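This report describes one structure for a reader who has not seen it before. Look through the sequence and the model first, then read on.

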Amino acid sequence: VSRASSPTASAASNDLRTFLRKISRASLIVGVHGAGLANMLFAPKRAMVIEIMPRIPDMVNYHYWMLSGLLELRYRVIPVIVDEAAEIEAKEAFGMSIQTVGSFAVNIQETVSVLLDIVMRESNMKYLAP
């Protein structure tokens with residue numbers, strides 16, 4: 001997996017047409033849990049979605065897992081343990097109490113290692129670390 005051989009798309013781009021063209025041809029979508037992952041709506045069937053999601057005790061969140069299934073996408077999650085310094089807030093929504101995370105830190109090396117492992121396992125490829 002290399003940046004040179006795989007074009008990237010970012011929702012922050014000002015060119016919506018280019019972004020939609022790239023994501024409609026994507027074989028892999030990786031993102032942190034949040035509204036940006038909804039762009040998987042434009043992905044081709046069988047594309048893989050990898051969600052980096054904060055893991056909070058008693059918090060269950062199946063939004064993108066369910067959406068991936070409905071869209072016939074392959075879904076994997078990388079749970080990130082949220083430490084005490086994270087901004088965890090209880091809110092009321094739709095008549096029930098929910099927890100939200102304002103921000104959290106991700107160990108980049110660990111996350112990239114897990115990400116590469118998932119991608120290589122799913123594609124039956126071998127990754128040789130530099």
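Helix α3 has 16 residues and reaches 22 Å from its first C-alpha to its last, close to the 22 Å expected at 1.5 Å a residue (1.5 Å times one less than the number of residues). Helices here are DSSP runs of H or I with at least four residues, strands are runs of E with at least two, and both are numbered from the N terminus. The model is predicted: local features need pLDDT of at least 70, side-chain atom pairs count only at pLDDT 80 or more, and totals for chains, interfaces and linings use all residues. Residues are numbered from 1 along each chain as its sequence is written, and side-chain values use heavy atoms, without hydrogens and water.

Three strands form an open sheet in the order β1-β2-β3, with parallel pairing (two strands pair if DSSP finds at least two bridges between them). β1 and β3 stand at the edges with a single partner strand each, so one side of each is left without a neighbour in the sheet. The twist averages 20° from one strand to the next (axes are lines fitted to C-alpha atoms, for helices over the stretch in contact; angles run from 0 to 180 degrees between N-to-C directions).

| Element | Residues |
|---|---|
| β1 | 28–32 |
| β2 | 48–55 |
| β3 | 74–81 |
| α3 | 108–123 |

Five bridges join β1 to β2, and Val-30 has Ile-50 in β2 as its bridge partner.

α3 lies across β1, β2 and β3, at about 160° to β3. Its buried residues (under 20% relative accessible area, 1.4 Å probe, protein chains only) are Thr-111, Leu-115, Leu-116, Ile-118, Val-119 and Met-120. These residues pack against β1, β2 and β3 (contact means heavy atoms within 4.5 Å).

Methods
Buried means under 20% relative accessible area, exposed over 50%, partly exposed in between (1.4 Å probe, protein chains only).
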